[in-house]
Amino acid sequence: MPVNASGARILVVEDEPVINQAVTDRLRGSGYDVVQAWDGPGAVTQYESTAPDLVVLDVMLPGFDGHEVCRRIQAARPVPVLMLTARDDEADILVGLGVGADDYLTKPFRMRELVARVGALLRRVERAAELANRSDTDLGDLRVDAAARRVWADGNEVHLTPTEFDLLVCLAGSPGAVLTRENLYAEVWGWPGASGTRTVDSHVKALRAKIGADRIRTVHGIGYALEPGGTA
Ligand code: CA
């Protein structure tokens, strides 16, 4: 999978023609090969026929919405997804993350920020390979096999999205230590943006729901720590 701007293919899904074209033009100007779709069914068809490396996906779409598009394309093969949401609504964002979105931008957004997030998500594919080289982590009732990208909590396998997995590996790299939200965003998403802290919060929330809420400690105003050998 190409991860450099040159050669990486991006699918832009947005039903508002002016926004779709503006995003497309900007990404093409940044060196990406861009294909477009304007509704839910069209997005899935375009995804299947063009096999993009990343998808920029609006939530509100005709046919079926971006969440359903995300669910369908992620079932085919994992792909980085940047979701575009109309509201800075945590429930909406959590639904998006639950179906496999990796990051989100709230409208209206700056084109420069969109290009930065896209670049960071593509670089994250490389970073995920680096993280996989870390050795297995065994924290009592939580076991992380970084190479196989598998996780067990209390002996039961837990299915995480690629982003949730990378976040857990990052936290597990230094059990008990507090990692700031900014550091986590830079480490996992590969781009040091303060605007990504809510993305971190949302993913931590989703991760807690899967591995047990008490395994990740919140340090208010600072960040998060994985409890070493926590017993749920
Ligand atoms: Ca829309």
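This is a predicted model: local features need pLDDT of at least 70, side-chain atom pairs count only at pLDDT 80 or more; totals for chains, interfaces and linings use all residues.

Visitor: Leaving aside its neighbours within four places in sequence, which residues is Gln36 in contact with?
Guide: Contact here means heavy atoms within 4.5 Å. Leaving aside neighbours within four places in sequence, the contacts of Gln36 are Leu11, Val12, Asn20, Gln21, Thr24, Arg28 and Gln46.

Visitor: Where is confidence lowest in the protein chain, and where is it highest?
Guide: The predictor's confidence in each residue is its pLDDT, from 0 to 100; the protein chain averages 86, and 90% of the residues score at least 70. Helices (H or I, at least four residues) and strands (E, at least two) are DSSP runs, numbered from the N terminus. Confidence is lowest in helix α4 (residues 90-98), at a mean of 72, and highest in strand β2 (residues 33-37), at 98.

Visitor: Is Gln36 buried or exposed?
Guide: Gln36 is found in strand β2. Buried means under 20% relative accessible area, exposed over 50%, and partly exposed in between, with a 1.4 Å probe and protein chains only. Because its relative accessibility is 14%, Gln36 counts as buried.

Visitor: Which side chain does a polar contact of 2.8 Å join to that of Gln36?
Guide: A polar contact is a pair of N or O atoms within 3.5 Å; within protein, one must be able to donate a hydrogen and the other to accept it, and residues adjacent in sequence count only if both atoms are side-chain atoms. The side chain of Gln36 has a polar contact of 3.1 Å with that of Gln21. The partner at 2.8 Å is Asn20.

Visitor: Which residues coordinate the calcium ion?
Guide: Donors are N, O and S atoms within 2.8 Å of the metal (3.2 Å for Na, K and Ca); water is not among the atoms, so sites may look incomplete. Along the chain, the donors of the calcium ion follow the spacing D-x42-D-x1-M. At 2.1 to 2.3 Å, the coordinating residues are Asp15 (OD), Asp58 (OD) and Met60 (O).

Visitor: What is the relative accessible area of Met60?
Guide: Asp58 is buried, at 3%. Met60 is exposed, with a relative accessible area of 60%.

Methods: Residues are numbered from 1 along each chain as its sequence is written. Side-chain values use heavy atoms; hydrogens and water are left out.
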